Amino acid sequence: MSEFGGMEELLQDFLMESNDLLSDVDNKLVELEKRSEDRALLNDIFRGFHTIKGGAGFLNVAPMVTLCHRTENLFDKLRNAELQLTPEVMDVILEATATVRDMFGTLGQGLMPGDTDSALLSALDAVLSGRMPPPPAAAQTAKPAPPVVPAAPSRSNEPDWNTLYQAVVSAASAGTPPAAAPAHRLTEEPVVVAAVDTNPIATPAVTAPANRTAAAGKTMSATKSAGSSGHENTIRIDTNRLDMVLNLSGEIGLTKNRLTTLRTEILQGNNDTNTLRSLDEAISQLDLLVGDLQNAVMKTRMQPIGRLFQKYPRLARDLARQLGKEVELVLSGEETELDKTMIEDLNDPLVHLVRNAVDHGVESTAERIAAGKKPQSLIQLTAEQVGDHILIEITDDGRGMNADALRRKAVEKGLIDAEAANALDEKQCLQLIFLPGFSTKDQISSVSGRGVGMDVVRTNIQKLNGRIDIHSIPGEGTRISISLPLTLAILPVLVVRACNQPFAVPLAMVREIITIDPEAIQEVSGNPTIVVRDEILPLKTLAGLLGWAPTQKPGFGVLMQSAERSFILAIDSFVGRDDVVIKPLQNIRPKGVAGATLSGDGSVVLVLDMEDLLTAKGGMGGVVKTSELITL
Amino acid sequence: MTDKNLRFLVVDDFSTMRRIVRNLLKELGFTNVDEAEDGQVALHKLKTQHFDFIVSDWNMPNMTGIELLKAVRADQQLKPLPFLMITAEAKRENIIEAAMAGASGYIVKPFTAATLEEKLNKIFQAIHK
């Protein structure tokens with residue numbers, strides 16, 4: 001952070017505010033494509049760049065000042081109708097926006113961004129002077145990822161804004177029109193301009209950081225992406241919420257005083273009914289207050305999901321344009337609130353789903369017309385709170401998924417055998433896309449299907465204790481639903497006992513609880529199973545999964561369901577359900593253990609990570625001999 | 001020499017910028033500063049509270065700096081208030097427009113505390129003459 005000595009805090013403020021501003025600009029740009037003459041929109045966008053420029057000037061971020069200034073000039077011409085907004089002009093604008101966002105990313109890491117790629121600056125100049133942008137820029141925006149951007153022929157027509165500003169500041173009344181100033185670049189040329197992939201339009205910074213790291217040296221910093229890399233360390237909180245926390249902690253303090261007094265009384269032997277009733281009251285009040293405090297603290301971490309959603313219309317628009325599709329992404333429920341860390345971790349999966357919907361979900365305009373649909377396809381991204389969960393849905397009106405095609409594909413790829421494939425019903429077929437290595441398109445397009453697949457999306461959602469489901473009707477569209485807990489801070493668990501020790505399993509995975517009737521255990525290919533409502537489920541003992549010797553025959557089974565598989569976890573007995581706060585274990589990380597928590601009586605309870613436990617190699621994988629489970 | 005208790009109103013729609021200006025004023029010893037996020041809010045504050053000095057950005061939504069300036073000069077009560085206009089533009093026509101509307105001074109972004117002090121001092125001198 002050395003480049004901004006003493007200004008880090010200011011820089012953080014600037015970045016947070018400017019990022020929001022830029023996202024707003026991005027969305028207004030998408031709007032602008034529909035209403036290109038809208039003066040209010042043009043004015044707003046102009047002001048956006050203007051404001052960012054102003055802030056960047058104070059932070060001495062010269063490249064950003066230069067870039068914003070030119071873009072701002074462009075909008076000045078647009079709003080004065082001196083310039084027509086053609087798709088080519090729009091591409092240049094969008095590229096400039098993406099570059100500014102990249103610079104935010106660099107600044108976020110405490111580094112000074114490198115100079116803007118000269119091709120972009122020349123393209124802006126060309127547009128400003130009424131010419132079309134030169135071919136390099138146009139070609140660059142049309143194709144997804146050309147690694148090499150040709151260097152611009154000349155850089156000599158660039159005014160040096162730094163010098164200009166100095167001149168203006170020291171003699172403010174001089175008022176030289178900036179464009180007329182002769183200019184020489186005082187700074188050195190960047191070393192490897194041509195080798196840098198400054199191709200933000202095809203690979204918007206937030207979506208594909210991986211392929212933007214090829215550059216070296218001075219320009220390296222400029223290729224680091226914004227948003228997705230690194231989490232924001234600051235948070236904006238409504239002061240009302242903070243006051244609530246303060247209030248509650250004050251109340252808790254008072255209740256603690258009450259308890260201390262009562263303790264003294266009781267220690268002095270004063271334990272009549274009144275004292276004990278007061279104790280009861282104080283404790284139940286404390287219970288209430290602590291619950292409220294947890295809620296209030298949780299609320300301070302809640303952020304509207306709109307901050308995430310607002311990036312996507314632009315993403316969908318860029319992608320649709322590349323693919324020659326007409327797509328409208330409609331958002332709703334942006335005000336729905338979610339834990340801050342979850343919002344950040346949701347970005348990658350959602351980006352993937354939006355890209356998928358545009359690339360695979362909806363048809364090309366021609367196909368849609370042939371199918372008698374509206375030429376423009378509609379993708380809806382919605383969020384709402386349902387009970388104690390947040391439901392996020394992405395719905396398209398595209399071609400839907402064909403169960404047979406999915407089945408065939410999975411077999412072709414060798415992911416499952418034909419027999420297993422034929423046994424799957426339509427709903428189960430849809431689940432096939434979550435298998436690692438599954439991609440429905442024969443040709444992996446440059447757009448989606450690059451590296452990460454739906455299996456990664458699902459893994460990421462599961463890490464957030466969430467679930468993902470698919471509904472699809474061939475010809476009508478696909479809906480992907482993600483269900484997430486409100487927060488990760490408090491985890492509802494089921495506490496069970498095995499080997500005389502309590503363990504907590506996440507309640508989200510528990511489908512039901514059954515008693516294990518030894519008669520009902522059947523052996524299928526050497527493994528114990530139980531049939532529950534026509535479903536053959538493998539039986540695994542918790543002791544076995546842990547690699548411990550069982551101390552008694554398990555009496556109960558917990559029907560666990562993860563996206564991967566369902567099985568019955570055999571345990572000795574139950575303790576109950578509880579809301580716990582997971583404390584990570586320091587220094588040690590036993591396989592299958594997510595962390596520890598304290599039970600009501602003060603004893604330590606291990607919280608199990610079932611997925612991890614199931615893949616553990618140390619134990620016996622929970623496989624036990626049927627004979628061990630049945631009393632002979 | 002100047003009264004460090006002068007009450008400033010900093011008007012800008014970008015909160016980072018308000019903070020920058022506030023910090024610069026603080027550097028110069030002026031700690032009595034309030035903020036407004038656009039011309040309308042500023043005008044409301046000016047009419048309901050006492051201020052000695054206005055530092056305003058030009059380009060803002062709802063009510064721009066120049067509109068605020070005109071409104072201030074048109075108000076019998078607020079009329080004499082010193083008004084420093086901040087802008088990113090150094091175009092001659094802008095400066096003339098601000099001067100004609102009655103700006104006491106004009107400062108171009110980005111500026112340092114020293115530049116700000118110089119501008120403020122010029123305005124103070126003009127008042128005390």
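Visitor: In what sense do strand β1 (residues 8-11) and strand β3 (residues 53-57) of chain B pair?

Guide: The general idea comes first: strands of a sheet pair through backbone hydrogen bonds, either parallel or antiparallel. Here β1 and β3 of chain B are parallel, with four bridges between them. Within that pairing, F8(B) has F53(B) of β3(B) opposite. Two strands count as paired if DSSP finds at least two bridges between them. Helices (H or I, at least four residues) and strands (E, at least two) are DSSP runs, numbered from the N terminus.

A word on the model before we go on. This is a predicted model, in which local features need pLDDT of at least 70 and side-chain atom pairs count only at pLDDT 80 or more, while totals for chains, interfaces and linings use all residues. Residues are numbered from 1 along each chain as its sequence is written, and chains are lettered from A and ligands numbered from 1 in the order in which they are written.

Visitor: Which strand order does the open sheet of chain B have?

Guide: The five strands follow the order β2-β1-β3-β4-β5, paired in parallel. β2 (33-36) and β5 of chain B are at the edges with a single partner strand each, so one side of each has no neighbour in the sheet. On average, neighbouring strands of this sheet are turned by 20° against each other, direction ignored. For such angles, axes are lines fitted to C-alpha atoms (for helices, over the stretch in contact), and values run from 0 to 180 degrees between N-to-C directions.

Visitor: What pattern does chain B follow along the sequence?

Guide: Reading along, you find β-α-β-α-β-α-β-α-β-α, which comes to five helices and five strands. Helix α5 (residues 113-128) of chain B lies across β4 (83-87) and β5 of chain B, at about 170° to β5(B).

Visitor: How many residues of chain A are in contact with chain B?

Guide: A contact means that the C-beta atoms of two residues, placed from the backbone, lie within 7 Å. By that rule, 19 residues of chain A are in contact with 21 residues of chain B. On the chain B side, α1 (15-27), α4 (92-101) and β5 (105-108) each supply at least two residues, and α1(B) gives the most, with five. Sorted by class, that side of chain B has twelve nonpolar, four polar and five charged residues. In this sorting, Ala, Val, Leu, Ile, Met, Phe, Trp, Tyr, Cys and Pro are nonpolar, Asp, Glu, Lys and Arg are charged, and the others, Gly among them, are polar.

Visitor: Which residues have the most contacts inside the largest nonpolar core?

Guide: In soluble globular proteins, nonpolar side chains tend to be buried together. A residue is buried if 20 or more other C-beta atoms lie within 10 Å of its own, exposed if 12 or fewer, and partly exposed in between, with C-beta atoms placed from the backbone. A nonpolar core is a set of buried Ala, Val, Leu, Ile, Met, Phe, Trp, Tyr and Cys residues joined through C-beta atoms within 7 Å. The largest one has 74 residues, and V100(A) and M85(B) have the most contacts inside it. Helix α4 (residues 87-108) of chain A gives the most to this core, with ten residues. Leaving out residues up to four places away in sequence, V100(A) touches L22(A), I52(A), M64(A), L67(A) and C68(A). There is also a second, separate core of 41 residues, including V362(A) and I379(A).

Visitor: Is α4(A) mostly covered or exposed?

Guide: Mostly covered: 19 of the 22 residues of α4(A) are buried. From first to last C-alpha, α4(A) reaches 31 Å, close to the expected 32 Å; the expected span is 1.5 Å times one less than the number of residues. Just after α4(A), G110(A) has a positive phi of about 80°.

Visitor: Which strands form the open sheet of chain A with mixed pairing?

Guide: Five strands, in the order β16-β8-β9-β18-β17. The edges are β16 (573-580) and β17 (593-598) of chain A, each pairing on one side only. Strand β8 (residues 491-498) of chain A pairs antiparallel with β16(A) over seven bridges, and six bridges join β8(A) to antiparallel β9 (residues 501-506). R497(A) shows both pairings, opposite S573(A) in β16(A) and opposite P502(A) in β9(A). β8(A) and β9(A) form a hairpin with two residues between them, and C499(A) in the turn has a positive phi of about 50°. Six of the eight residues of β8(A) are buried, so β8(A) is largely enclosed by the rest of the structure.
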